[in-house]
Amino acid sequence: MRNREEESPEQPETDAERRRRRAQFLRELTEARALRDRVQPRRAKAARLRHAMRMRTFRW
């Protein structure tokens with residue numbers, strides 16, 4: 001993989017590169033959340049319930 005430091009600072013990253021990096025980040029974030037939910041099921045359940053309560057009380 002390339003590091004941002006290896007690239008020349010004059011070249012701005014393209015939209016495709018930015019979207020690819022963002023997609024990779026979101027995949028890793030989802031994977032980390034899933035792992036945390038498996039490791040800490042009680043905390044995950046409490047978080048789900050808090051989120052559901054927030055969504056029920058949210059006013060459009």
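Buried means under 20% relative accessible area, exposed over 50%, and partly exposed in between (1.4 Å probe, protein chains only). By that scale R33, with a relative accessible area of 46%, is partly exposed. R33 lies in helix α1.

This is a predicted model: local features need pLDDT of at least 70, side-chain atom pairs count only at pLDDT 80 or more, and totals for chains, interfaces and linings use all residues. Residues are numbered from 1 along each chain as its sequence is written, and side-chain values use heavy atoms, with hydrogens and water left out.

Next, the charges. R33, R36, R43, R50 and R54 form a positive surface patch. Helices α1 (15–39) and α2 each give two or more residues to it. With three residues, α2 gives the most. Patch residues have over 30% relative accessible area and no salt bridge, and like charges are joined within 9 Å.

The structure holds one salt bridge (a side-chain nitrogen of Lys or Arg within 4 Å of a carboxyl oxygen of Asp or Glu). R21 pairs with E13, and their closest N and O atoms are 2.9 Å apart. R21 is partly exposed at 47%. E13 is also partly exposed, at 24%.

Now to T57, which sits in helix α2 (residues 41–57). Helices here are DSSP runs (H or I, at least four residues), numbered from the N terminus. T57 counts as exposed because its relative accessibility is 53%. The side chain of T57 reaches the backbone oxygen of M53 at 3.0 Å. The T57 side chain also reaches the backbone oxygen of R54, at 3.2 Å.

Key: A polar contact is a pair of N or O atoms within 3.5 Å; within protein, one must be able to donate a hydrogen and the other to accept it, and residues adjacent in sequence count only if both atoms are side-chain atoms. Patches are made of residues with over 30% relative accessible area and no salt bridge: like charges are joined within 9 Å, nonpolar side chains (Val, Leu, Ile, Met, Phe, Trp, Tyr) within 5 Å. Accessible areas come from the Shrake-Rupley method with a 1.4 Å probe; for residues, only the protein chains shown count as cover. Lys and Arg count as positive and Asp and Glu as negative; His and the chain ends are not counted. The place of a charge is taken as NZ of Lys, CZ of Arg, CG of Asp or CD of Glu.
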